[in-house]
Amino acid sequence: MILTAAIYILSALAALATLLMLFERNPVKAAMLMLAALLSTAGIYLALSAQLLAALQVILYAGAIMTLFIVAVTVTPQAWRDRPAPGRMARVLGLAAAVVILAELLKVSASLKIFTIGAGFEETGTLAIARELFGRFIFQFELLGLVILASIVGAAALALKKRTAP
Amino acid sequence: MNAYPLAAISYALFALAAAGFLTCGSLVRMLMFLELMLNAANIAIVALGPQPASQAYALMLFAVAAAEAGVGLALIIAMASAFKTLEAENIKDLKG
């Protein structure tokens, strides 16, 4: 019961933070609202008995990725100077597209109404997750190492290009 | 707890982030909303999937999100120095 209430409250917080982000002009304030949404998501993971994911959400999303965003906003003065002025038509079309996406998703998954998720807090050990990662998902997991290596090389190449160019 | 409200929560978060992605013009902001969309999909996977497997999958998606944010922000910084703007509408040249 209390877990269900926690899930609803935290998801309302996340939705509110995302909604406020839509109307926030200041990029750093928008980043802080995104941080609120990500931390609420960590709370949702905790209520869903995914303790490791909650910790990783705080460390990885709210820590590392958020720092990257703040650094990117700081080193690009254009992010501050540019005032977003999208056309009224584009704005209305974007909102309409989002509403259509939501309606379609809700309609498609109406068959989920008969399923129930096991309520109650339970401990999901890291051992069980590690068994999945190094057992069934070993190929995907190793491939992921390659993806991260490629992204590091790509980011370094993009960042260094300017200095080495004549 | 019924599975449908859990799915609806992640759909709502996804749709809000998608609305932000489609309506805002700044590239940094678009990447932020993209991360939030991925985050909403992660919630759906963790909430609806079979327990240890879905969490392992979500863990891998975290790594994908981190890699995506790194490359995306490097691209944005490179574009900011090449085009002197971060508004998607002002970037029209294919050859910077």
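Predicted model: local features only at pLDDT ≥ 70, side-chain atom pairs only at ≥ 80, totals over all residues.
Residues are numbered from 1 along each chain as its sequence is written, chains are lettered from A in the order in which they are written, and side-chain values use heavy atoms, with hydrogens and water left out.

The size of an interface is often given as the accessible area lost when the parts come together. For chain A and chain B the buried area, which is the accessible area (1.4 Å probe) lost by two parts on being put together and summed over both, is about 6,300 Å², and 78% of it lies on carbon and sulfur atoms. Of the area that chain A buries against chain B, 10% comes from A:Y61, A:F69 and A:I117, more than from any other three residues. In terms of contact (heavy atoms within 4.5 Å), 78 residues of chain A meet 64 residues of chain B. Between the two chains there are 9 residue pairs in polar contact, both residues being at pLDDT 80 or more; such a contact is a pair of N or O atoms within 3.5 Å, where within protein one must be able to donate a hydrogen and the other to accept it, and residues adjacent in sequence count only if both atoms are side-chain atoms. Helix 3 of chain A gives the most to the side of chain A that touches chain B, with 12 residues; helices here are DSSP runs (H or I, at least four residues), numbered from the N terminus. The residues of that side of chain A comprise 53 nonpolar, 16 polar and 9 charged, where Ala, Val, Leu, Ile, Met, Phe, Trp, Tyr, Cys and Pro count as nonpolar, Asp, Glu, Lys and Arg as charged, and the others, Gly among them, as polar.

Helix 3 of chain A (residues 51-75) packs against helix 2 of chain B (residues 27-48) at an angle of about 170 degrees, with the axes 11 Å apart; axes are lines fitted to C-alpha atoms, for helices over the stretch in contact, and angles run from 0 to 180 degrees between N-to-C directions. Helix 3 of chain A is therefore roughly antiparallel to helix 2 of chain B, a term used for angles over 145 degrees. Among the residues that meet here are A:Y61 and A:F69 from helix 3 of chain A and B:L31 and B:L38 from helix 2 of chain B, and the contact as a whole has 10 nonpolar, 3 polar and 1 charged residues.

Within chain A, the axes of helix 2 and helix 3 come within 8 Å and cross at roughly 170 degrees, and these two helices are therefore roughly antiparallel to each other. Their contact includes A:L35 and A:L38 of helix 2 and A:Y61 and A:F69 of helix 3, and by class it has 20 nonpolar, 3 polar and no charged residues. Within chain B, the axes of helix 2 and helix 3 (residues 51-83) come within 9 Å and cross at roughly 175 degrees.

Conventions
Parallel < 35°, antiparallel > 145°, perpendicular 65-115°, else oblique.
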